[in-house]
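Visitor: Could you walk me through a helix packing and some ring pairs?

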Amino acid sequence: MTPEAILTLIMVFLMLAALIVEWMHADVIVFSVLGVLLVSGILTPKEALEGFSNKGMLTVALLFIVANAAQRSGFVELFFGKVIGNGKGLRWSLLRMMLPVMALSAFINNTPLVAMFTPYVREWSLKHGHAPSKFLIPLTYAVSFGGLFTLIGTSTTLVVNGLLQQSKLAPFGMFEIG
């Protein structure tokens with residue numbers, strides 16, 4: 001094995017360990033490893049920045065901005081106040097949460113959607129005397145299932161679509177996956 005390959009493996013393992021123990025913010029850890037690989041000459045500047053030009057990754061970044069705006073606007077709080085209700089029936093509350101979230105996840109990428117709803121779901125379930133896991137796990141299932149209907153529903157589909165376009169192949173249509 002070449003010294004470059006050994007250094008790369010070491011950096012990947014160190015990165016994973018740092019991410020697992022949450023040594024720093026994930027973005028700081030990942031960009032630090034990218035910087036080490038760039039400075040050491042293992043990656044060229046073009047290679048280091050190539051992933052940022054993928055349209056799928058840029059779309060995911062923009063969808064995080066949309067999700068943040070929805071969260072700051074009070075939409076999520078209003079959603080939980082009106083849609084889920086008072087929490088008297090566990091199954092009814094689950095259904096009232098999952099169906100709209102599933103519909104939203106077809107048009108808002110699932111990763112930012114889960115990040116946007118998780119704090120509210122946790123707070124709502126504790127307030128109404130339910131274990132947060134009874135709602136957080138179904139939340140992720142609903143978001144994952146709803147994301148399967150459109151091109152923008154999952155990050156993976158967006159990245160694969162970007163790779164198709166880079167390879168000069170026909171991209172997916174908006175509803176082709178569903």
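Guide: What follows covers a pair of helices and then the aromatic rings. The model is predicted, so local features need pLDDT of at least 70 and side-chain atom pairs count only at pLDDT 80 or more, while totals for chains, interfaces and linings use all residues. Residues are numbered from 1 along each chain as its sequence is written, and side-chain values use heavy atoms, with hydrogens and water left out.

Visitor: At what angle do α5 and α7 pack?

Guide: Helix α5 (residues 75-84) and helix α7 (residues 110-127) pack at about 45°, with axes 10 Å apart.

Visitor: Which residues in α5 and α7 meet?

Guide: V76, E77, F79, F80 and I84 in α5 meet M116, F117, Y120, V121 and W124 in α7, where contact means heavy atoms within 4.5 Å.

Visitor: Switching topic, how many aromatic pairs are there?

Guide: The count is three aromatic pairs, with ring centres within 6.5 Å and planes under 30 degrees apart called stacked, over 60 edge-to-face and the rest tilted. One of them joins F107 and F175, whose centres are 6.3 Å apart and whose planes stand at 70°, so this pair is edge-to-face.

Visitor: Where in the chain do F107 and F175 sit?

Guide: F107 lies in the loop between α6 (90-105) and α7, and F175 in the segment after α9 (155-166), 68 residues apart.

Visitor: Is F175 buried or exposed?

Guide: F175 counts as exposed at 53% relative accessibility, whereas F107, at 47%, is partly exposed (buried is under 20%, exposed over 50%, partly exposed in between, with a 1.4 Å probe and protein chains only).

Key: Axes are lines fitted to C-alpha atoms, for helices over the stretch in contact, and angles run from 0 to 180 degrees between N-to-C directions. Helices (H or I, at least four residues) and strands (E, at least two) are DSSP runs, numbered from the N terminus. Rings of Phe, Tyr and Trp (its six-membered ring) pair if their centres lie within 6.5 Å; planes under 30 degrees apart count as stacked, over 60 as edge-to-face and the rest as tilted.
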